[in-house]
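Today I opened this model to look at its strands and how they pair. Here are my notes, friend, in the order I took them.

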Amino acid sequence: MTSRSTLTAWLAGLDAPRLSRVLGIRKDAAAPPEPRSVEESAERLLRPGSVALVLPELPLPCLQVAEALAASGTPLSRGALAGALGATAATAAGELDAVLEALADHALVWPDGNGNLHMAAPLRQAWDAPLGLDAPLEELLEGVTSEELRGMLVALGIKPPGTRQQRTAAVLEHHGDPQRVAAVIAKAPSAARQLLGRRAESAPQHTEFFVFGAPMADAQPGERWALDRGLLIRSRHGYGPARMPAEVTLALRGRDWRAPFDPLPPVAELVPVPAVDVEREAAAAATAFAAHAASVLSACSAAPPARLKSGGIGARELGRIGRAAQADDAVVRITLEVAYSVGLLGADGDRITPTAVYDTWAVQEPAAQFADLLHAWWNLQFTPSQSRDEDNKSLAAVAGAPRCSPCLQARRGLLAAAAALPEGQGVRVGTDLGPLVAWHRPLAHPSFHDETPFAAAVREAELTGVIARGALSRLGAALVTGDREELAVACRRLLPEATRTARFGGDLTAIVTGTPSARLAELLDSTADRETSGTASVWRFSADSVRRALDTGRAPDEISAELTAVADGPLPQPLSYLIADAARRHGRMRVAPAACVIHSDEPALLAELAAHRELAALGLRQLAPTVLVSGSPPDKTLAALRGQGYAPVAEAADGTVRIEKVPPRRAAAVPAPRKATTKAGTGRSARRRAEAPAAVDPSALAVRLLAAPPTVAEPDPFGSGVPFGTDTEEIVAGYAKQLTYTDVRQLAHAIDAGQAITVEYVATSGNRTVRTLSRLDLDPPYLEAWCHLRDAERVFTLSRIHSVMSAAHEWGRWYR
């Protein structure tokens, strides 16, 4: 029976609550909300994308059981599975039943009518070598010739039959008996036994490169002995590494070997933690983070940070924002990434600026603001506080980090681990939760520079108050349930309402306890300098800060009235004196815009010019009886005055009269042809003189430049009217603008053909490396590929690829 038929039959036998639970866990956004039949439900549950979404959320024992079923290759009974896992004792059997129940709730494993366990086919493909086992012997023998089978049987001491089919059956029968295989290996030479022992303990390696195309030689001692007896098998053409059949691996591991099964999480050192202490510390952390986040976004509103050419906010701007908000780098990065993800910030040219959504968010109570930020943090697909990449280079914030599902699962696994702790108990320090995270989410991804497992995720959870005193707070419990209303209630319980008054001191400071309201923070930011932020914020007044407020057009009485309205008492006398003194000195000198100055020793003449109606377009303004300023440039002013019959002269910067002499226009002389010369160097000098550019008239050049079209059409790469040969070329060219068209075409061809390619890549730090990439997957503006330099999957930004060459050329260069 097929997977679909057995799943359909199993679903049909479920009661309504269980069926709803199974379908509710594995929802597919592309499918209708409610399936119309059991057959449609089975089809939806078996989609590869549905399985891929659920797999990272499974704990370790679920993955271990699924891997054991995948390694069997055929449906197993529950008893056979328990024997393979070593879960035959009563306690372990009960734990195995719970795991199978969880897998069934996800429609990943289900029983048929005979009690055999079936699994979804996409789940079977999740492991290249489940339990470290290669393909079964029958599959590997498909590429072995009849003569090679005869040689194997002779080496094993078995009389070979006549046909290939009979010889295959004989080898399968022999290797299917673990005792026979163990007896043969016991008589093997020492080198062969050691080689086979190592291979049985490690997963098979199928990715090796061979440059010259010759069959691989038997490089390891003892390999030929194992190949002759079918204990190792090489491909039909003799290429690639020798592979060990699954039957041989299991025989070498022994009768007592069992597949790993860890139904219980690791034991952590726990300490008593009263709930009131957890809530007190969570409230302090949440209040501080909410205040810092509001300060960070307020600093971005006052002075929007500049974007790097490569995108994102660099370390210099992050430091400036941190100093302005009195927040450390992790808080600044988390706030910016979270705010950008929910639309509070957006790109505006070369700046990152607040949006209209921010204006609505800023007037909300701190609890509502924090709930929005916390929910967005919970769903981020990367680690926002990460400041260094795998090469220890600085990372920009808000740079469009690629999606990282394992990073999200690290956050989810951390809260799942904390939620599983006994009530009233917590770990000694937050980082002790790291091993528990690895059990709850085995596919989670720690950050590159975590000193302890998942230290970055723990640090973020502690900063936001989700985890406090090594235990889960109300905020964390609300996030785990996924209930937005419950999260809002928890935030209102922990965070006080916004403070709307300040305490002003005689030392020219203003102190606000708690989170200041948006109006109070805006008023104090515009009249004073923020010194500290957190559970209590401090602003300090100075002559410069009051002057900035006066520069915006506010009167001194208005400033005093606004500050008095938010003060919890009368304004201190030193602050009132400071405002009055700053107002007395404000505006004692003025700066007026002027394109040029007109001066004369005749005040009556300048008064006449200032009152002349025909000269009103010049924007003349009389500053003194003998001085006028004009809003128009000198040439336009001279022409207008002369047009009205006046006789002004132009003046140079040093006060002398500027002579306006325009040189006569002349046509460029055409050089006469020169006779060839035989003197060394004479002909070359003459050719340089003949090819020298002719003199260009500036006035004519200006006319030509003004008449030129504003843009120039892009050149046709082919010269045939078709700009790009494929859609991939057009996409790559749109993002990798620094590449030549030849490089674009070569990179696009490698992506479409699935070929390896070598690129010159420039990281955000400016470091240049040459990397050979394979398994290319285009996800604009990124290119996901296997990096042979790092020997791992990496994500590359297309705009940072500066040149392209064929991978064969790069390998050839190394081998030369």
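How many residues does the hairpin that joins β18 to β19 pass through? I looked it up, and the hairpin from β18 to β19 goes through 2 residues.

Before going on, I noted that this is a predicted model, where local features need pLDDT of at least 70, side-chain atom pairs count only at pLDDT 80 or more, and totals for chains, interfaces and linings use all residues. Residues are numbered from 1 along each chain as its sequence is written, and side-chain values use heavy atoms, with hydrogens and water left out.

I kept the terms at hand: helices (H or I, at least four residues) and strands (E, at least two) are DSSP runs numbered from the N terminus, and two strands pair if DSSP finds at least two bridges between them.

Next I checked β18 (residues 768-779) against β19 (residues 782-787): they run antiparallel, joined by 5 bridges. S774 faces W786 in β19. I then found β18 paired with β17 (residues 757-762) through 6 bridges, also antiparallel. There, E760 has V770 of β18 as its bridge partner.

I moved on to an open sheet of 3 strands, ordered β14-β16-β15 with antiparallel pairing. Its edge strands, β14 (596-599) and β15 (621-624), each pair on one side only. Neighbouring strands here are turned by 30° on average, direction ignored (axes are lines fitted to C-alpha atoms, for helices over the stretch in contact; angles run from 0 to 180 degrees between N-to-C directions).

Last, I saw that helix α30 (residues 603-611) packs on this sheet and touches β14, β15 and β16, contact being heavy atoms within 4.5 Å.
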